[in-house]
Amino acid sequence: MTALVIRGATLIDPSGERRADVAIDPSGLIVAVEAEIDSAGMGSDVRVIDAAGCVVTPGFVDLHSHLREPGKEEAETIESGSRCAALGGYTAILAMPNTTPAIDSAAVVRQVLELGAASLVDVHTSGAITMGRRGDALAPMGEMAALGVRVFTDDGTGVQDDRLMRRAMEYALGLRGRGLPVLLAQHCETESLAEGGHMHEGEWSSRLGIAGQPAESEELMVMRDLALAKLTGAVVHFQHLSTAGSVELVRRAKAAGLPCTAEATTHHFTLTHAECASYDATFKVNPPLRTADDVAAIKAGFADGTIDCIATDHAPHTAESKEAPFDQAPPGMLGLETAMALALTELNLPIAKVFDLLSWKPAQILGISATHGGPIVVGAPANLCVVDPAADWVVDPAASASRSRNNPYRGRAVRGRVRHTVVHGEAVVIDGEAQR
Amino acid sequence: MKHLLAIADLGADEIHDLLDLTDSFVEVNERPIPKVPALRGKTIVSLFFEDSTRTRLSFETAAKRLSADTMTFSVGTSSVKKGESVRDTIETIEAMGIHAVIVRHASSGVPLQISRWVQGASVINGGDGWHEHPTQALLDAFTIRQRLGSLEGRHIAIVGDVKHSRVARSDALAFTKLGAHVTLVAPPTLLPPSLVGWPVDVSHDLDDILPKLDVCYLLRMQHERMTEALVPSLREYTSLFGLTSERADRLRDDALIMHPGPMNRGVEIAGEVTDRPNVVVIDQVRNGVAVRMAVLYTLLGGQPDPERPDPAPSRPTPIRLNPETATA
Amino acid sequence: MAERERRLTRPSGGVFVARTRVMSDDDIRRAVWRMAHEIVEANHGVAEVVLIGLQTGGVPIADALGDALAQIEPEHGAAVPVGTLDVAFHRDDFGLRPVLPPAPTVIPVELTNRVVVLVDDVLFTGRTIRAALDALGDYGRARAVQLAVMVDRGHRELPIRPDYVGKNLPTRRDEMVNVSADGVDLGELVR
């Protein structure tokens, strides 16, 4: 690896905003943060990155990516998913466990971590709460936590059984007590209400003749987990909240002092169920796209801190599977490469707050603030991205690094583009091109 | 008009044009030789992913009476069962050289998806999931027009499982576009969760509305609905919403009783009622062929005139052979 | 028949402009009387004759011929059936022209063993008459089919010839002939 100097940019990190150059040495650590850095003093093998007019920020952290490996490599692999992440400015991502086989044992965890070692970004993996994600027996969380797994979720489904969820929470607390700070994350969907639904139940599902999932199918599980969290003392992280009701429930719980965290995806603050009118299954996702009021509530949730972070729920699916009839197609959309641009374009929040949602907060929730999402200071590992906040571009799915093409933003004009991404000192993306 | 996918896409004018054209095809069907060469050389395929003998036969008869060649592709005997995707299926069929395809599928939206994949063929929706069944609505509207003169101002009730009914959706749209007043009659569990944007009234009381109706349109009540906890039992459904003899007596004599078929005698309609003169189910079926002929003729016809011509053919003035002022 | 299509088709948004009046309304009436006599003569009476006017231009002429026959032949003349025929579904150029709104076809009697006299306003390429012959076949096997036209303007593309003609009118191909109750005009389509 060569040394790097990022020159001419404005730094925005949890400690504030300042104009400074950043120097990174071949070990991957930041060695200087000063107004003007002369690269001559750094040896012959130095790469200078011109970042004039740009902003440097800690690399983004995604708490919700589907990397499809093992099992569905035709849709994405850990490596191709990590390339998408790097192009989107992410330096760390959390893989979801709904692979084939599910990530519910040390053996599969090891396999994923090995595959992730060669990636462009840091790949962390979650583990399933229940065996096979079937919802009837607890998975060996301790064994997986010993390998570094910090987040447990059955994502793809929620844990339906109340008693089992309570036990999972109590057990997780026990692991915390042994110095393994595990976090339970929930995909909130009450199947008895949502079952058979393929989009939001409402005006559009009625018009299109498609069975719907009512907002309450998500809210009922949010309510349950808040109650169980209060009962057991566990901390729950709510994944991909999508309804105004869910946001309000979390808001009230936080106001009442209950520790919990929440994320929402880019598609849930940019798209509504009206998109389904084309019957294009690119717009089919779980939880589904909802109403304009729900979109407004999500945005308000970011602004007032109810929702802690943006997650992508990057969910690749082959073109053929997404061409199936709407009610037969698998749910999910791509997201890693477009998240930052959509957040900057649509959220109307100060840029530092946007980076907080994309990087600093998720790093804290994942427990990796020591290496990601922290202040840009001498001695810290160099996990950074360089963003041109004024660059206008149009989303073109054909130009994606993903193996899949289910991108709902084709043709959309956005502002804000990642120019470079540095992971542990290695420039994995330069001028918008992945270096490997 | 390239495709016929939904009544929602049609304006009142377009519906009227199709119904006017249907009159001509009713006449053709009454000829000793009910066949015209208009679509000779055209190939029309029925692509039925969901079984339906009646609709398929109706379309095939329509195509044959227009002298088109027909092909049937039904899922039970085809490669679709072997896992071929809908897209591959339609692209294979189109490669054989077809001009129109009639699609029926259990999933809403498939005809629209197919219309995006075809290279030049016209797509006709033969019924998609719970969404629409446009030719059914056209033949229903035509039958009402034929019997009552016009739909303007008529009060039509659509009774039964509206939630799962593509016929109900298409009918409600078509009837209201033609000026009728539509009321959906069903228990709340059999209505769509949201009726925002539907130009209809709703009632849970069939008895209350019967004497006011010009048309009572009954939907099939399927046995599966019981297992989904949508109604307690078929018996209860019939006692509250079925067209029993007593209820049929309270309809006006000139009110029409309609049904898309096949009828569940004893459930949504009493056996005895089906024999009454104001039950026009046979007319619906007969008109179905003429309506489908009109649809095929329109879709496979010439390029649309950029300036839409005056729709009514000009009536030439009669020649007066013995005018008062002239001598023969 | 061809004229009706041009009126409705307006392929380039043009309008018919008359240049010369080639028949007056009296000329038309005289032609009708003459043709009616010719029909009686050629068929040795009208006992088996059926008049069928092609939509829409042939219809008033067929009606006028029916009137004339009723006045000429007291015994069977008044009972000569008059029908109408729309050949839209039998044209050989389907797909090349816009779909026209149909006009009624009413064939009031069985045609088997009858002499059908097709009646049209202008005979031009002959394609409309070919379509009419095709359509007639659906209604039974006529003993004979004859053709009466008010104007024969030449330029035949098929071997079709009229039996009764009001006026032979040589025309250029790009000219148009318009027949109405007021007279027959020669003109052109002006864009």
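## Parallel strands in chain C

In this predicted model, strand β2 of chain C (residues 49–54) runs parallel to β4(C), and the two are joined over five bridges. Within this pairing, C:L51 is set opposite C:V117 of β4(C). Strand β4 itself, which spans residues 115–123 of chain C, is mostly covered, with eight of its nine residues buried.

β4(C) also pairs in the parallel sense with strand β5 of chain C (residues 144–152), here over eight bridges, and in this pairing C:L123 stands opposite C:D152 of β5(C). Helix α4 of chain C, residues 127–136, belongs with these two strands to a β-α-β unit, and the unit formed by β4(C), α4 and β5(C) is right-handed.

## A β-α-β unit in chain B

In chain B, strand β1 (residues 43–48) and strand β2 (residues 69–74) pair in the parallel sense, and six bridges hold this pairing on record. One of the residues involved is B:V45, whose bridge partner in β2(B) is B:M71. Together with helix α2 of chain B (residues 53–65), β1(B) and β2(B) make a right-handed β-α-β unit.

## Chain B as a whole

Chain B contains eleven helices and nine strands. Its radius of gyration is 22 Å, close to the 20 Å that the globule rule gives for 328 residues, so chain B is as compact as a globular protein of that length. Taken along the principal axes, the box filled by the C-alpha atoms of chain B is roughly 80 × 65 × 40 Å.

Of the 328 residues in chain B, 47% count as buried. Among the contacts in chain B with a separation of 6 or more, 76% are accounted for by residues 24 or more positions apart.

## The two domains of chain A

The domain assignment of chain A gives domain 1, made up of 3–56 + 378–434, and domain 2, which covers 58–366. The C-alpha centres of these two domains of chain A lie 27 Å apart, and the contact between them takes 31 residues from domain 1 and 41 residues from domain 2.

On the side of domain 1 of chain A that touches domain 2, at least two residues each are supplied by β2 (10–13), β18 (384–394), β19 (413–423) and β20 (426–430) of chain A. β19(A) gives the most to this side of domain 1, with seven residues. By residue class, the side of domain 1 that touches domain 2 in chain A divides into 17 nonpolar, eight polar and six charged residues.

Technical notes
Residues are numbered from 1 along each chain as its sequence is written. Chains are lettered from A and ligands numbered from 1 in the order in which they are written. This is a predicted model: local features need pLDDT of at least 70, side-chain atom pairs count only at pLDDT 80 or more; totals for chains, interfaces and linings use all residues. A residue is buried if 20 or more other C-beta atoms lie within 10 Å of its own, exposed if 12 or fewer, and partly exposed in between; C-beta atoms are placed from the backbone. Helices (H or I, at least four residues) and strands (E, at least two) are DSSP runs, numbered from the N terminus. Two strands pair if DSSP finds at least two bridges between them. A crossover is right-handed if, with the strands pointing away from the viewer, the path from the first strand over the helix to the second runs clockwise. The radius of gyration is taken over C-alpha atoms; the globule rule is 2.2 Å times the number of residues to the power 0.38. Two residues are in contact if their C-beta atoms, placed from the backbone, lie within 7 Å. Domain bounds come from an automatic or database domain assignment. Ala, Val, Leu, Ile, Met, Phe, Trp, Tyr, Cys and Pro count as nonpolar, Asp, Glu, Lys and Arg as charged, and the others, Gly among them, as polar.
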